[in-house]
Amino acid sequence: MAIRLHWASRVWSGRSAASPRDSFPSLSGLPPHPPTDGPDVPVVTIASSSDPSPEQYVLVNSTVTLRCQSESEPPALYFWSVGESEDTSVPDHSVLTLTRVQLDQAGTYSCIASNTKLSRSVRKTTTLTVYGQCQQQRGDGD
């Protein structure tokens, strides 16, 4: 009889010494803990408090949230890098929130997902475009 175990979105298949009639099958040949794998290339999503298409642009002074997800066993550790820098001293979790975003915060944001057990890291980079609302200037005769 074949046994399939699922951890997160990973699948491990193996043989079992159990018969279909066993209430509590013996799981010989299975690993004692979930397999070590990942991280996969992260998926970065952008949400904004005031923009319908934040993956294209966000309005100055809105709150912008960048979320990073990566399949990994054990679960990935997350780091953010801003600009072209390798500096990972920005928040060390999967969510980066920019409150009242400004024009100078536009640019490249990278999420780095790391599996410390495998000493493996992968990066996903996205570009944040910030725009301001134009104000009409009135002339002297107006």
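Colleague: How many aromatic pairs does the count come to?

Modeller: Bear in mind that this is a predicted model. Rings of Phe, Tyr and Trp pair if their centres lie within 6.5 Å, and by this rule the count comes to one aromatic pair.

Colleague: Is the pair of Tyr 57 and Tyr 131 stacked, tilted or edge-to-face?

Modeller: A pair of aromatic rings is described by the distance of the centres and the angle of the planes. For Tyr 57 and Tyr 131 the centres are 5.3 Å apart and the planes stand at 75°. Since planes over 60 degrees apart count as edge-to-face, the pair of Tyr 57 and Tyr 131 is edge-to-face.

Colleague: How many residues apart in sequence are the parts that this pair ties together?

Modeller: Tyr 57 lies in the loop between strand S3 (43–48) and strand S4 (58–59), whereas Tyr 131 belongs to strand S10 (residues 130–131). The pair therefore ties together parts whose separation in sequence is 74 residues.

Colleague: Does Tyr 57 count as buried, partly exposed or exposed?

Modeller: Buried means under 20% relative accessible area and exposed means over 50%. Tyr 57 has a relative accessibility of 29%, so Tyr 57 counts as partly exposed.

Colleague: What percentage of the 142 residues in the protein chain is buried?

Modeller: A residue counts as buried at under 20% relative accessible area. Among the 142 residues of the protein chain, the buried share is 30%.

Conventions:
Residues are numbered from 1 along each chain as its sequence is written. This is a predicted model: local features need pLDDT of at least 70, side-chain atom pairs count only at pLDDT 80 or more; totals for chains, interfaces and linings use all residues. Side-chain values use heavy atoms; hydrogens and water are left out. Rings of Phe, Tyr and Trp (its six-membered ring) pair if their centres lie within 6.5 Å; planes under 30 degrees apart count as stacked, over 60 as edge-to-face and the rest as tilted. Helices (H or I, at least four residues) and strands (E, at least two) are DSSP runs, numbered from the N terminus. Buried means under 20% relative accessible area, exposed over 50%, partly exposed in between (1.4 Å probe, protein chains only).
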